[in-house]
Amino acid sequence: MLSWSVIEYEHKYRAIGEYDHIKDLIKWGTDYLLRTFNSTATKIDKIYSQVGGALNNSRTPDDHYCWQRPEDMNYERPVQTATSGPDLAGEMAAALAAASIVFRDNTQYSRKLVKGAETLFAFARDLGKRTSCCRGNPHTEPFYNSTNYFDEFMWGSAWLYYATGNKTYFSLATYPGLSKKSKANFMIPDLRVLSWDNKLPAAMLLLTRIRIFFSPGYPFEGMLSSYHNITCVTMCSYLQRFHVFNFTNGGLIQLNHGRGQPLQYVANAAFLASLFVDYLNATGVPGWNCGPYFLSLDDLRSFATSQMNYILGENPLKMSYIVGYGNKFPRHVHHRGASIPTGKTKYSCTEGWKFRDTKNPNPHNIIGAMVGGPDKFEDSRTNFSYTEPTLAGNAGLVAALVSLTGSGGYGFDKNIIFSAVPPEYPLSPPPPPPWRP
């Protein structure tokens with residue numbers, strides 16, 4: 001998500017002096033991912049999928065039971081190994097492929113990322129390794145259970161096509177069988193919601209981008225047109241007038257039906273909506289169709305802006321849900337390091353509980369972190385569904401904010417994403433079958 005935002009909006013990051021910083025953040029992540037598998041190989045049989053973990057209702061020291069600074073942890077933190085994992089490997093491949101475009105000016109590192117992405121995707125596509133990485137793993141399945149992996153196949157293959165220009169990946173991303181298995185064309189509202197468990201709306205927008213600016217024609221046009229239509233439906237579903245999702249009285253869309261940690265889904269939707277507006281603006285298209293209605297792009301931009309304004313403080317509590325932004329923001333963030341005071345004293349697994357359970361505000365503010373959020377928000381450290389920040393949520397937040405800022409000028413970079421893609425020359429469709437009387 002961060003890489004995608006940099007590819008589209010490099011000029012904005014440069015204008016606000018954050019371009020080098022955001023690249024450092026991305027490289028921190030990609031360097032880590034490259035260490036979790038044999039990135040020098042062309043074929044792998046495992047991925048180190050998680051360090052540490054927890055068991056529900058455990059009384060054994062682990063990442064849920066203990067409350068310590070990360071540098072003070074001294075309990076056992078086992079490494080989880082995935083010998084199968086199309087969902088995990090597909091998402092990792094997408095991450096490395098997207099980052100390879102960000103680091104296109106560093107040829108050696110970019111090639112390393114591409115090679116790693118292709119190795120991971122081959123692992124993901126191995127017919128003998130199609131069981132979810134978290135299936136049956138008590139350290140993973142209860143917390144980050146993957147419901148499907150075909151969305152990661154579409155997402156990963158789309159990014160690999162952009163990163164390599166290899167038409168094999170494009171053919172997979174537009175393969176009707178993949179669309180069917182991923183349920184891309186099903187009119188299911190929850191599939192319109194981008195999250196760590198569902199990449200479909202992002203993948204289809206990424207592929208719609210190819211149709212809008214590249215026009216590859218036959219034999220890809222049929223599926224690309226379908227993805228474009230579904231993307232339009234996705235954008236329609238975000239608007240309150242169509243009653244696909246509920247909205248709170250304060251104006252926040254409920255993309256996860258009122259369950260905990262809603263803001264990550266809202267930020268993701270705002271980014272997709274804002275980016276779709278920029279795509280259509282670049283082609284001089286003033287709007288899009290929602291059934292019999294033709295809607296202005298201003299309607300969609302207003303949706304994205306209103307949702308981000310809600311997160312920034314235009315809400316019933318008049319509270320920013322981003323730590324350090326505004327005069328009123330969460331002070332009891334569910335974060336071990338932020339909640340324990342600075343000093344030479346090391347606190348054991350259970351000694352740290354007093355900092356978790358106190359009503360006092362955190363001694364440190366984790367500046368820039370977006371918490372889980374409303375509704376009926378309680379600034380309580382012990383209620384993670386309100387106050388826990390996540391990497392997934394904050395990636396969407398950064399992407400949405402940079403897409404909406406006017407710093408560096410409006411619009412996006414239409415061409416950089418195609419830097420590795422050779423010119424397309426549409427094939428001629430096959431002739432019709434011979435006429436028979």
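**Helix packing and the annotated site**

The crossing of H10 and H15 is left-handed, a term used when the near helix is turned anticlockwise from the far one by less than a right angle. This is a predicted model, in which local features need pLDDT of at least 70 and side-chain atom pairs count only at pLDDT 80 or more, while totals for chains, interfaces and linings use all residues. Residues are numbered from 1 along each chain as its sequence is written, and side-chain values use heavy atoms, without hydrogens and water.

Helices here are DSSP runs (H or I, at least four residues) numbered from the N terminus. H10 (residues 263-282) packs against H15 (residues 391-404) at an angle of about 30 degrees, the axes lying 8 Å apart; axes are lines fitted to C-alpha atoms over the stretch in contact, and angles run from 0 to 180 degrees between N-to-C directions. That makes the two helices, H10 and H15, roughly parallel (angles under 35 degrees). Contacts (heavy atoms within 4.5 Å) involve, among others, Ala 267, Phe 271 and Ser 274 of H10 and Gly 393, Gly 396 and Leu 397 of H15.

A second pair, H5 (residues 150-164) and H8 (residues 200-214), crosses at roughly 35 degrees, with axes coming within 8 Å. This crossing of H5 and H8 is also left-handed.

Turning to the annotated site, the unreviewed UniProt entry lists His 334, Asp 379 and Glu 388 under "active site"; such annotations may be inferred rather than shown by experiment. The three are spread over 55 residues of sequence, yet they cluster in space, with a largest C-alpha distance of 10.2 Å. His 334 sits in the loop between H11 (297-312) and H12 (336-339).

Key. Parallel < 35°, antiparallel > 145°, perpendicular 65-115°, else oblique.
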